[in-house]
Amino acid sequence: MCERRPISRRNLVEAALALAASPLLRYVPAALADQADISEIAPGVFVHQGRYEIQSPENRGDMANACFVVGRDGVAVIDTLGSAVAGRELRDAIRAVTDKPIRYVINTHMHPDHVFGNAAFKEDDPVYVGHHKLARDLASRADRYLAINKQMLGDAAFQGIEIILPTLAVDGMQTLDLGARSLVLETQPTAHTDNDMTITDTATDTLFLGDLLFSVHVPTLDGSIKGWLALLDKLSRREAARVVPGHGPKAMELPGALESEQRYLATIANDVRRLIKEGKTLEDATKVAGFSERDAWKLFDQYHVRNVTAAFAELEWE
Amino acid sequence: MFPSLVYRTGFAAIACAAHILLAPAAKAEQDVWPALRQQTFGDRQIQAEDGAVILEIPGTAEDASLVPLTVRVPPAVTQKLKSLTLFIDKNPDPLVASLSFGPAAGSGGERSFSTRVRIDMFSHVRAVLETEDGILHMATKFVAAAGGCGAMQAKDPDAETVDLGKMIVKTFPPALSTSPIWSSLVMIKHPNQNGMQLNINTVDIIPARFVKEMTVKRGGELVFQMQSTFSISTNPNFRFTFGRGADNSLDVVVKDTDGAVFTAQSEPSGS
């Protein structure tokens, strides 16, 4: 079902450039180091990098980046990986760094690889935080998400997964205080999904973009291609010391971090618009649109046709 | 936990009226076609895979909520067409659409009908064509897709009802000007709600609302009348052929399950 292709040279070069360009990435990690592959990318900001894979019994849904920010009074977790098992490992890694209470579990959006580890934090009794549309959208997809993930993860890795919806719904901008540092949450218009939320750690000027930013891993479109391109345009004019993608390296720099994704989405949009103009069908488009991007991304064969399908269904109404 | 798990089996019953309804678990196991066939066509013979009708649909659907489906009737079939019925065996309502063709449906070239469908679980998909001589011809494909129907959601539900009922109708002359077969594209902005989703904010089921009938006429003459269900994807989209007339503009009338009526005329041809 999922043929894997080796990472292309272009991906490697891009990743290497991204690393070389970011001096803060050389910040020496704290003690935990090898556990769950977590790095401290800035003081008190920790990122675990997920694998460029689709969910499997082997990866236990560990396929997106998960982060945590340690303040004076407590910890905020940003995304919880794709299973309770992986979420538990993330929690263990947090506990290896700090014994401060886990006050907040923030989900950047509704997708299973970012929320299915939520249950691992139940004993901490945190405030679960998300975009105000996340609850509705995740709830209406829950049956399907659970069924698909049970099948793909297998029984062992599926064990303990629960749908835990936000107890704090954010609409607009909201600040969470961790003691001596705060996180600014901003809900975004429909882009990757219709419930994307970005988070800024004000102490280090680190911007967590969730799946608004993919690097190396092909972007997946589950919202609006026009909305996403417009939002990326806006984000490219923003300043931050570093950004953390939902899939990709642990930290990148603006605006270069966004360029590959902008090019990918713009290529699809341009190709699809041209095909629509020529009177071509959705089926025609899924065979040609955006295929010039094939060598630039991992998991292209798994997600690209779906992206074109969604783009076509949106753009044919222009 | 989550009310939708508890109520789910009830949803299908609300959404579908006439056709075979089975609990999802039972349905996954069962071959529903014999009963479905009996219910729709009685004891009539059906000629399977005789080449009179060709069904094109991807064997694996990338997006189960938006699966392109095309039915072709090759030029070797010269008869007029009476009806076309599309089924997805394992969908909550297996009947997708049923078309009755009129005098303006055309003949004398390749005829086709395309739309996009939701597929709830791995299923056979069928096109049954009735030619003028009353013979039924069937093409069947198996599609690996899951989650398109019971769990079908809009990517942006708030944007869904904006412009509800907006239609685009285009006609295209044939590549060869001597061909008597024209083609058309009809797009309808409509959520085609299947009545199987829960609104978490109100803990109510979002009521079913879908396009149930579409009538296409060319200069007052019927091309086809179609009855359809929520197995048609959000923003229903149809491409089909029709017979050349003196004036090749089309009138399209669409009715949904709420009783709303939407009408549109084709834009100037070739646009």
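Contact means heavy atoms within 4.5 Å. The structure described here is a predicted model, in which local features need pLDDT of at least 70, side-chain atom pairs count only at pLDDT 80 or more, and totals for chains, interfaces and linings use all residues. Residues are numbered from 1 along each chain as its sequence is written, chains are lettered from A and ligands numbered from 1 in the order in which they are written, and side-chain values use heavy atoms, with hydrogens and water left out.

Chain A comprises 8 helices and 12 strands, where helices (H or I, at least four residues) and strands (E, at least two) are DSSP runs numbered from the N terminus. Of the 318 residues in chain A, 63% are buried; buried means under 20% relative accessible area, exposed over 50%, and partly exposed in between (1.4 Å probe, protein chains only). Among contacts in chain A between residues at least 6 apart in sequence, 66% join residues at least 24 apart. Chain B has 4 helices and 17 strands, and buried residues account for 55% of its 271 residues. In chain B, 69% of the contacts with a separation of 6 or more are between residues 24 or more positions apart.

The largest nonpolar core contains 50 residues; a nonpolar core is a set of buried Ala, Val, Leu, Ile, Met, Phe, Trp, Tyr and Cys residues joined through side-chain atoms within 4.5 Å. The residues with the most contacts inside this core are B:Ile57, B:Leu84, B:Phe113, B:Ile119, B:Met167, B:Met214 and B:Phe224. With neighbours within four places in sequence left aside, B:Leu84 is in contact with B:Val71, B:Ala97, B:Ser98, B:Leu99, B:Phe101, B:Phe113, B:Ala127, B:Val128 and B:Leu129. Another core, of 41 residues, lies apart from the largest one and includes A:Leu213, A:Val218, A:Ala269 and A:Leu282.

Packing of two helices is described by the angle between their axes and the distance between the axes. Axes are lines fitted to C-alpha atoms, for helices over the stretch in contact, and angles run from 0 to 180 degrees between N-to-C directions. In chain A, the axes of helix H5 (residues 225–236) and helix H6 (residues 256–277) come within 10 Å and cross at roughly 145°. The crossing of H5(A) and H6(A) is left-handed, a term that applies if the near helix is turned anticlockwise from the far one by less than a right angle, with right-handed applying if clockwise. On the H5(A) side the contact involves A:Ile225, A:Lys226, A:Trp228, A:Leu229, A:Leu232, A:Asp233, A:Leu235 and A:Ser236, which meet A:Leu258, A:Glu261, A:Gln262, A:Leu265, A:Ala266, A:Ile268, A:Ala269 and A:Arg273 in H6(A). By class, these residues are 10 nonpolar, 2 polar and 4 charged; Ala, Val, Leu, Ile, Met, Phe, Trp, Tyr, Cys and Pro count as nonpolar, Asp, Glu, Lys and Arg as charged, and the others, Gly among them, as polar.

H6(A) also packs with helix H8 (residues 300–315) of chain A, at an angle of about 50° and with the axes 10 Å apart. H6(A) and H8(A) are therefore oblique to each other, given that angles under 35 degrees count as roughly parallel, over 145 as roughly antiparallel, 65 to 115 as roughly perpendicular and the rest as oblique. The crossing of H6(A) and H8(A) is right-handed. Residues A:Tyr264, A:Ile268, A:Ala269, A:Val272, A:Arg273 and A:Ile276 of H6(A) make the contact with A:Phe300, A:His304, A:Asn307, A:Val308, A:Ala311, A:Phe312 and A:Leu315 of H8(A). The contact of H6(A) with H8(A) comprises 10 nonpolar, 2 polar and 1 charged residues.

A:Thr267, also in helix H6 of chain A, is buried at a relative accessible area of 16%. A:Val70, in strand S3 (residues 66–70) of chain A, counts as buried at 14% relative accessibility. Residues up to four places away in sequence not counted, A:Val70 touches A:Gly44, A:Phe46, A:Val75, A:Thr98, A:Lys100 and A:Arg181.

Some backbone features occur in loops. The peptide bond from A:Leu254 to A:Pro255 is cis, with omega near -5°, and A:Pro255 is placed in the loop between strand S12 (242–247) and H6 of chain A. A:Asp125, not a glycine, has a positive phi of about 50°; A:Asp125 is situated between helix H3 (112–115) and strand S6 (127–131) of chain A, in a loop, and is exposed at 65% relative accessibility. B:Asn192 likewise has a positive phi, near 45°. The loop that holds B:Asn192 runs between strand S10 (181–188) and strand S11 (197–199) of chain B, and B:Asn192 is buried at 0% relative accessibility.
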